[in-house]
Amino acid sequence: MKKWRKRLVKFLIFDLAIVLLLLGTGVIYQQVGLRQDAKTLDPPGKLYEVHGDNMHLYTGGEGDVTVVLASGWGTANPYVDYYPLYEKLAPNTKFAVYDRFGYGYSDQTDKKRDVDTVAEELHELLQVSGQKPPYVLVGHSLGSLETIRFAQKYPDLVKGIVMIDGGSPEYYSNDDDSLADTIGGFANKFRIQTGLFRLSMQSDMVVETSNANRNELKLEPDDLKKLDTTALLHNYGNVNTLDELREIAANAKVVVNHKQTLPFPLTILTADYLGASEPEWDKSQVEFKSWSDDSKQVTIKDTDHYIHQYRPDIVADEILALVKK
């Protein structure tokens, strides 16, 4: 019995050593990957100092109106994500795609992700980069909150707003932080820090699954698809994106508490979720029209949450309608 006990202890020690070796290798793999990501993520636009940190802005097109594109939560690389849309906009108007802190090519920041701070950062970015108003603000998903708050704080700079499946402030005010707990929890942090997440993203099937609600990025060139994956690996689960999730309800309530009729047009584009939309979401999208007397809500058929990845032509037409209004 003693011999078997000694053998069992040796086996357990050996197994533990293997596990520790694998974990150590995974940690090194993750750290090397992060350094490589940073080298690959060469900003396509320009970096501007905002509140002491660097924020990325990519611009193009020409015109007297600037279309400002705000991405949704978790969109790791807005420059890539909005490519199908700004390619349609560029011949007709000026556009500006910005990366919030913790996204794309921008720095991470130690400042809390409350909606007032985010709106003020956008205002400063547009100023220091020389983007002239009036602005047509475009908000995808959670980007709806910062666009409305920006319009509340700086109404004289705004010509109109277009929501791309953006949630209403009333809808987001009932959000809980369970997703933040999941993404910021031990299991997911372990997966990221030990390189397991990075390893899984080497599988084409996993990448395609992660891009399922973005039309599998079918409208993107291959080099941008690779940049998108690199940005995801580099930014996923960082403190800024987690703080955004935790602040959703509080930020929405700030916007709701300052609610008054917006003095410009509001267009709300709603995905039909490929025929699987939820009644509560659809109802909130219709009610979203109450934010402006000059508003409309349109459901775009055969699209998922990232409408601009399915029908950038329709989205561009709605934006340009406000530009020319």
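Visitor: Let me start with a detail: which residue in β8 is the bridge partner of A271?
Guide: That's I300. Keep in mind that we're looking at a predicted model.

Visitor: And how many bridges join β7 to β8?
Guide: There are 6 bridges between β7, residues 266–271, and β8, and the two strands run parallel.

Visitor: What does the sheet look like, strand by strand?
Guide: It's an open sheet of 8 strands with mixed pairing, and the order is β1-β2-β4-β3-β5-β6-β7-β8. The edges are β1 (46–50) and β8 (295–300); each has a single partner strand, so one side of each has no neighbour in the sheet. On average, neighbouring strands are turned by 25° against each other, direction ignored.

Visitor: Which helix lies across β7 and β8?
Guide: That's α14, residues 279–287, running at about 165° to β7. Helix α15 (residues 312–323) packs on the sheet too, touching β3, β5, β6, β7 and β8. The direction of α15 makes about 165° with that of β6.

Visitor: Switching to helix pairs: at what angle do α5 and α13 pack?
Guide: About 30°, with their axes 10 Å apart. That angle makes α5 roughly parallel to α13. The crossing is left-handed.

Visitor: Which residues meet there?
Guide: From α5 you have L145, I148, R149 and Q152, and from α13 there are I248, N251, A252, V254 and V255. By type, the contact has 6 nonpolar, 2 polar and 1 charged residue.

Visitor: New topic. How many aromatic pairs are there in the whole structure?
Guide: A search finds 11. One of them is Y58 with Y86, a tilted pair at 5.4 Å centre to centre and 45° between the planes. This pair links distant parts of the chain, with Y58 in strand β2 and Y86 in helix α3, 28 residues apart.

Visitor: Where is D165?
Guide: In the loop between β6 and α6. As a general rule, most residues other than glycine have a negative phi.

Key:
Residues numbered from 1 in each chain as written. Predicted model: local features only at pLDDT ≥ 70, side-chain atom pairs only at ≥ 80, totals over all residues. Heavy atoms only, no water. Axes fitted to C-alpha atoms, helices over the stretch in contact; angles between N-to-C directions. Helix = DSSP H or I, 4+ residues; strand = E, 2+ residues; numbered from the N terminus. Parallel < 35°, antiparallel > 145°, perpendicular 65-115°, else oblique. Left-handed = near helix turned anticlockwise from the far one by under 90°. Contact = heavy atoms within 4.5 Å. Nonpolar A, V, L, I, M, F, W, Y, C, P; charged D, E, K, R; others polar. Pairing = 2+ DSSP bridges. Phe/Tyr/Trp six-rings, centres within 6.5 Å; stacked < 30°, edge-to-face > 60°.
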